[in-house]
Amino acid sequence: MAKKITVRTIQKIKDNNEKFSMLTAYDYSTAKYIDEAGVDVILIGDSLAMTALGYETTHAIGVEEMKIFTKAVAKGVQHALVVTDMPFLSYHTDISTAVKNCGEMIKQGANAVKIEGADEYIYEVIKRLVGCGIPVMGHVGFTPQFLNTIGGYNIQGKSFETAQKILEQCKHLEHAGVFSIVLEMVPEESAKYITDNLSVPTISCGAGKYCCGHVIVCDDLFGKFSDFKPKFARRYGDMKSLILNCAKQFNEDVKNGSYPSDDEVFKLSEDELKHLKDNIQI
Ligand code: KIV
């Protein structure tokens with residue numbers, strides 16, 4: 001059995017100039033298989049609001065739902081580091097609410113939390129969380145919870161000045177105590193510049209090959225979510241076709257009577273069958 005990945009393992013991977021993999025998962029069996037495959041970090045991403053619950057953005061999901069998904073995923077994982085994405089407004093109002101909500105995820109089995117954004121308030125939240133024993137993954141660049149203020153799915157850090165600003169945010173996050181930082185939708189060269197100037201590992205979500213970690217939403221990887229495909233998401237499967245074919249076949253088999261077969265039903269014993277027949281009232 002492979003050793004449990006911790007935040008220290010993640011830092012060692014960076015220090016050894018190696019790479020780590022990260023996938024999202026939202027349910028027990030998917031998490032179990034992803035873990036069995038050897039993926040290093042499993043994120044219960046708030047992307048599940050879109051992929052699993054069908055909302056248009058990540059805003060609609062709350063703490064109670066994230067607790068349920070965290071519990072299910074954590075039960076399936078033995079090896080990977082389990083990180084829960086804190087949902088919109090669950091850490092923004094005040095530090096004690098942030099600690100309470102993040103602590104709830106640890107109680108469900110998460111090993112760390114991820115929070116988006118970087119400003120003075122967020123740095124204070126991170127310091128308090130780390131002070132309480134809750135490891136924090138940062139997330140800058142394009143941050144989906146800020147979609148309405150960003151004004152669209154826009155690439156961040158497209159100039160030296162904006163890359164410099166992201167680097168400054170990352171330096172503050174690092175100083176506050178994060179163990180890693182997701183860079184989302186940042187040009188590869190900017191992400192390299194940022195990565196090269198940090199001690200903690202960066203994780204690319206559309207930020208190119210120079211980051212230490214690489215994350216993809218599992219539904220994109222499996223080819224299950226088909227509403228759109230981000231440029232940086234590589235599809236390794238076609239689960240949409242698999243599900244469609246299985247459901248079509250089942251529908252046909254029910255209607256043509258070939259499901260269930262004799263192997264798929266429970267039978268009475270000979271004695272009970274006779275008893276039943278003897279007692280049938282016509
Ligand atoms: O919600 C999510 O799945 C994420 C990752 C894509 C980084 O934040």
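Reader: Let's start with helix packing. At roughly what angle do the axes of helix α4 and helix α5 cross, and within what distance do they come?

Author: First, bear in mind that this is a predicted model. As for the general idea, a pair of packed helices is described by the angle between their axes and the distance between those axes. Here, the axes of α4 (residues 63-76) and α5 (residues 95-107) cross at roughly 20° and come within 9 Å. Angles under 35 degrees count as roughly parallel, so α4 is roughly parallel to α5.

Reader: Okay, and is the crossing of α4 and α5 left-handed or right-handed? Which residues make the contact?

Author: The α4/α5 crossing is right-handed. On the α4 side you'll find V63, M66, K67 and T70, and α5 brings N101, E104 and M105. Sorted by class, that contact of α4 with α5 has 3 nonpolar, 2 polar and 2 charged residues.

Reader: Now α8 and α9. At roughly what angle do their axes cross?

Author: The axes of α8 (residues 160-176) and α9 (residues 188-196) cross at roughly 35° and come within 9 Å. This crossing is right-handed. F160, A163, Q164, I166, L167 and C170 of α8 meet S190, Y193 and I194 of α9. By class, the contact of α8 with α9 has 7 nonpolar residues, 2 polar and no charged.

Reader: On to the ligand. Which residues surround it?

Author: The ligand is surrounded by T24, L43, G45, D46, S47, D85, K114, H139, C205 and V217. Take D46: an N or O atom in its side chain is 3.0 Å from an oxygen atom of the ligand. The side chain of D85 also has an N or O atom 3.0 Å from a ligand oxygen. For K114, a side-chain N or O atom is likewise 3.0 Å from an oxygen atom of the ligand.

Reader: What about the backbone? Which residues does a cis peptide bond join?

Author: Most peptide bonds are trans, and most residues other than glycine have a negative phi. In this model, a cis peptide bond joins Y259 and P260, with omega about -5°. You'll find P260 in the loop between α11 (239-256) and α12 (270-279).

Reader: And what is the phi of N17?

Author: Its phi is positive, about 60°, although N17 is not a glycine. Look for N17 in the loop between α1 (7-15) and β1 (20-24).

Technical notes
Residues numbered from 1 in each chain as written. Predicted model: local features only at pLDDT ≥ 70, side-chain atom pairs only at ≥ 80, totals over all residues. Heavy atoms only, no water. Axes fitted to C-alpha atoms, helices over the stretch in contact; angles between N-to-C directions. Helix = DSSP H or I, 4+ residues; strand = E, 2+ residues; numbered from the N terminus. Parallel < 35°, antiparallel > 145°, perpendicular 65-115°, else oblique. Left-handed = near helix turned anticlockwise from the far one by under 90°. Contact = heavy atoms within 4.5 Å. Nonpolar A, V, L, I, M, F, W, Y, C, P; charged D, E, K, R; others polar. Near = heavy atom within 4 Å. Polar contact = N/O pair within 3.5 Å; in protein donor to acceptor, adjacent residues only side chain to side chain.
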